[in-house]
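Reader: Hey, could you walk me through this one? I'd like to go over its side chains with you.

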Amino acid sequence: MPLDSVKEVRTNAPRGHYPALDGLRGLAVLMVLSHHFVLGYSASGRVHALLGHLTLFMWSGVDLFFVLSGFLISGILLDAKAQPKYFRTFYARRVLRIFPLYYGAVFAIFVLLPLLGMDAVNSRSIYYWTYLTNVDVALHGWPNQIISHFWSLAIEEQFYLLWPLVIFLIPITLLRRFLPALLLLPMAMRLIASLNGSDILPLHVGTLTHCDGLIMGSIMAVYLRTSIGRQAVNNRTAVIGVILIAMIFVRASFGYFPITFSLTNWNVLQRTITFTLISVAFSWVLFLCVGPVNSVQHFFKQAWLQWFGRYSYGLYVLHKPLMGLVSAIQLPAGLTRLASVHPFVLDAIYIPTYLIVSIVFAYASYHLFEKHFLRLKKYFSYRSRVETIEMQSAQQIQAPEVAANL
């Protein structure tokens, strides 16, 4: 069974916590929330149309999550490759991080709500219990909106099932060549499917057809753990690059570029390359966040962005069910009449309410529920007990960076 050179991995692996990635994760969840919040209610008028255009491209926050997951998960696996109980430790820690909140939400939606006479979801629950939401969407179309966002969680979970074996079996020197070539797979599959008349929806939610971000993140993790190393980037170049990416995304949302972020309008070429281009763009931003200090990195180290990054998982899982509950509350007659005259009133009511309710529940979920499971991670450490004690002693003396923990 081929294993990497332990010396190579340990020498070149950038072991450490990247604070800017917390902020980048915060940006990802804010992008997704803003897109869903604007689409979450019926409104009209120029204000809502402008908000619709400005947030149209923000569904790509999911692809930013994919890039981050690919980078962090691949990094963890590469660093732990020579450790005992490699598979057991990885899956135990993933289960403790992901399952409690996810299955708590699924239980509440498919079991508790019907018991309370609120059967709000008329969907095939087996897909949700088994992390196959994306398969349900591909076969049957979008489900009830309060659970439609679970498709991306299904893709990530399916990635977690396979990727540890890939990292374990393939030496890092081969991964460096294999992963860029692997990036051609989703593009080729989308091209072939499109030429054969496939609808865009199955391509959007398919694991093999929308894994560009996961692959690009993994490429970055391998790149930063090989002899290639991290290259310094001129600060002006870093800032200009990010501004150009933002401008392209926004202008594409208004139809000023041949790319469009409205999924229904993609031609064959756009279907083939758009997910890949988005992932490459986000990988550039990620590279700036883990490389030498620059202005982009300083931006993502801001406390408010890092705060949203810390609670991003709860925000993502809970925001759509909570939107459904908020939207079900009937507005007072006076506000309804006012909104009929001034449609922007609905924007002023629903967007802040969605955000506040989502923040409150995500915060409470983390501190009252998820945190108790996360504490159990100490029983599933990649290091032996002796190594852990030595590391803690070294931390007390030298106070090094906090070890990366996803």
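Author: What follows is a chat about salt bridges, a serine, a surface patch and cysteines. Before we start, this is a predicted model, where local features need pLDDT of at least 70, side-chain atom pairs count only at pLDDT 80 or more, and totals for chains, interfaces and linings use all residues. Residues are numbered from 1 along each chain as its sequence is written, and side-chain values use heavy atoms, with hydrogens and water left out.

Reader: Okay, how many salt bridges does the structure hold?
Author: There are 5 salt bridges. The term means a side-chain nitrogen of Lys or Arg within 4 Å of a carboxyl oxygen of Asp or Glu.

Reader: Which residue does Arg 25 meet in a salt bridge?
Author: Its partner is Asp 22, at 3.1 Å from N to O. Helices here are DSSP runs (H or I, at least four residues), as strands are (E, at least two), numbered from the N terminus.

Reader: Is Arg 25 buried or exposed?
Author: Arg 25 is buried at a relative accessible area of 15%, and Asp 22 is buried at 18%. Buried means under 20% relative accessible area, exposed means over 50%, and partly exposed is in between (1.4 Å probe, protein chains only).

Reader: What does Glu 370 meet in a salt bridge?
Author: Glu 370 pairs with Arg 97, again through side chains, at 3.1 Å from N to O. This pair links distant parts of the chain, with Glu 370 in helix α19 (residues 344-374) and Arg 97 in helix α5 (residues 86-115), 273 residues apart. Glu 370 is buried at 4%, and Arg 97 is buried at 15%.

Reader: And which residue forms a salt bridge with Asp 212?
Author: That's Arg 190, with the closest N and O atoms 2.9 Å apart. The pair joins distant parts of the chain: Asp 212 belongs to helix α12 (residues 212-223) and Arg 190 to helix α10 (residues 184-195), 22 residues apart. Asp 212 is buried, with 0% relative accessibility, and Arg 190 is buried, also with a value of 0%.

Reader: What lies 2.8 Å from the backbone oxygen of Arg 190?
Author: A polar atom of the Ser 194 side chain. Ser 194 is in helix α10 and is buried at 9%.

Reader: What else is Ser 194 in contact with?
Author: Apart from neighbours within four places in sequence, Ser 194 is in contact (heavy atoms within 4.5 Å) with Leu 203, Val 268 and Arg 271.

Reader: Switching topic, which residues form the nonpolar patch on the surface?
Author: Phe 107, Leu 112, Leu 115 and Trp 129, with about 390 Å² of accessible area together. Patches take residues with over 30% relative accessible area and no salt bridge, joining like charges within 9 Å and nonpolar side chains (Val, Leu, Ile, Met, Phe, Trp, Tyr) within 5 Å. The areas come from the Shrake-Rupley method with a 1.4 Å probe, and for residues only the protein chains shown count as cover.

Reader: Which helix gives the largest share of the patch?
Author: Helix α5, with 3 residues. Leu 115 is in helix α5 and counts as exposed at 67%.

Reader: Last one, how many disulfides are there?
Author: The count is 0 disulfides, taking a disulfide as a pair of cysteine sulfur atoms within 2.5 Å. As for cysteines, Cys 211 is buried at 10%, and Cys 289 is buried at 3%.

Conventions:
Polar contact = N/O pair within 3.5 Å; in protein donor to acceptor, adjacent residues only side chain to side chain.
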